[in-house]
Amino acid sequence: MVAYRKTPMYCILLGAPGAGKGTQAALLSRDLGLPRISSGDLFREHIRNQTDLGRQAKSYLDAGELVPDSLTVAMVLRRLEEADCAPGALLDGFPRTLGQAEALEKALAERALRIDCVLNMRVHREALVERLSGRWMCRQCGASFHLKHHPPTKANRCDDCQGDLYQRDDDRPETVAHRLEIYFSQTAPLEMFYRQRGMVIDIDGDQSIEVVSLEMHRALGLVHTFAA
Ligand code: AP5
Ligand code: MG
Ligand code: ZN
C-alpha cells in the first residue's frame with residue numbers, strides 16, 4: 001500500500017504505558033512496510049551500548065520520568081532521517097509532550113510533510129497495570145510478550161528472533177504507578193493537540209490483541225491484508 005503513496009506516511013500510536021503501542025506497532029509495521037520507531041527502544045539501545053546519550057537517559061528511565069525534550073527530539077529526528085524511514089514511520093512512544101509534538105510538526109513541515117493519523121489507544125488503568133506486570137520483552141528486537149495474553153511459543157525465547165526475554169526494570173509496580181501519573185499529566189494533553197487538528201482515531205485498546213489489531217487495520221483502510 002505504502003509503495004503507491006506519493007508522500008511518506010507518518011502515524012503516531014498514542015497511549016499509556018502498557019496500552020499495547022509496541023505490540024500493535026509491530027503488527028502494523030509488518031503489514032504497512034513502515035519502520036516502527038520506538039523512542040523507548042532507542043533509549044534502551046543507547047543504554048545497552050553505553051553511549052553518552054544512554055548515560056544521560058538511564059536515570060530517567062529507571063525512575064519512570066520522561067527524558068528531557070532536547071535529548072529525545074534530537075534522537076528521534078535523527079532516526080527519522082535514516083534511509084529506511086524514506087516511506088514514513090510508525091511512531092511508538094513519541095511524541096510524549098507538547099514540546100515534542102510541536103518540534104515534530106515543525107521538522108515535518110520544513111520538508112512539506114505532516115502527520116497522517118494519531119491512533120489513540122484507550123485502555124483502563126487496571127488492565128494497564130496487569131499487562132505491564134506480566135510483560136516479558138525481547139532483549140534483541142524489543143518484541144513484547146505476556147505470560148497470559150501473548151505467551152512466547154518457547155519459554156524465555158522471542159518468537160520473532162529467538163532472542164532472550166527479560167522483564168523491564170521500569171515494570172516494577174512503584175515505577176509503573178509513576179509512569180502512569182506522568183502519562184496522564186504530560187502526555188494525555190497531546191490528545192487534544194491532535195484532536196484540534198482532526199487527526200485522532202480512537203481505538204478501544206481493552207480488547208484482545210487480535211481484535212485491537214483488526215480495529216487499527218480497519219482505521220487505516222488495511223482490513224483486507226489483516227491476518228490474525
Ligand atoms: P516506552 O518504552 O515507550 O514505554 P511506555 O510508553 O511506558 O510504554 P510500554 O512500552 O510500557 O507499553 P506499550 O504501550 O508499548 O505496551 P506493549 O505493547 O509492550 O518508554 C520507556 C521510558 O523511556 C519512559 O518511561 C521514558 O523514561 C523514556 N521515554 C520513551 N519515550 C520518551 C519520550 N518520547 N520522551 C521522553 N522520554 C521517553 O504491551 C504491554 C503488555 O501487554 C505486553 O506484555 C503485551 O504482550 C500485552 N498486551 C498488549 N496488547 C494487549 C491486549 N490487547 N490485550 C492483552 N494484553 C496485551
Ligand atoms: Mg512499548
Ligand atoms: Zn526478538
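A residue counts as near a molecule if one of its heavy atoms lies within 4 Å of it. In this predicted model, 37 residues surround ligand 1 by that criterion. The closest are Thr23, Glu65, Arg135, Ser144 and Arg179.

**Ligand 1**

| Residue | Atom on the residue | Atom on ligand 1 | Distance |
|---|---|---|---|
| Gly18 | backbone N or O | oxygen | 2.8 Å |
| Ser39 | polar side-chain atom | nitrogen | 2.7 Å |
| Gln100 | side-chain N or O | nitrogen | 2.9 Å |

Taken alone, ligand 1 exposes 1,000 Å². The protein buries 97% of that area.

**Zinc site**

Which residues coordinate the zinc ion (ligand 3)? Cys138, Cys141, Cys158 and Cys161 do, each through SG. The distances run from 2.2 to 2.4 Å. Angles among the four donor atoms span 95 to 117°, and the site is tetrahedral. The ideal angle for four tetrahedral donors is 109.5 degrees. Along the sequence, the donor residues follow the spacing C-x2-C-x16-C-x2-C.

Cys141 and Cys158 link distant parts of the chain, 17 residues apart. Cys141 sits in the loop between strand 5 (135-138) and strand 6 (144-146). Cys158 belongs to the loop between strand 6 and strand 7 (165-166).

Are these two cysteines buried or exposed? Buried means under 20% relative accessible area, and exposed means over 50%. Cys158 has 1% relative accessibility, so Cys158 counts as buried. Cys141 has 35%, so Cys141 counts as partly exposed.

Note on methods: Residues are numbered from 1 along each chain as its sequence is written. Chains are lettered from A and ligands numbered from 1 in the order in which they are written. This is a predicted model: local features need pLDDT of at least 70, side-chain atom pairs count only at pLDDT 80 or more; totals for chains, interfaces and linings use all residues. Side-chain values use heavy atoms; hydrogens and water are left out. Donors are N, O and S atoms within 2.8 Å of the metal (3.2 Å for Na, K and Ca); water is not among the atoms, so sites may look incomplete. Four donors count as tetrahedral if all angles lie between 85 and 135 degrees; four count as square planar and six as octahedral if opposite donors are over 155 degrees apart and all others between 65 and 115; anything else is irregular. Helices (H or I, at least four residues) and strands (E, at least two) are DSSP runs, numbered from the N terminus. Buried means under 20% relative accessible area, exposed over 50%, partly exposed in between (1.4 Å probe, protein chains only). A polar contact is a pair of N or O atoms within 3.5 Å; within protein, one must be able to donate a hydrogen and the other to accept it, and residues adjacent in sequence count only if both atoms are side-chain atoms. Accessible areas come from the Shrake-Rupley method with a 1.4 Å probe; for residues, only the protein chains shown count as cover.
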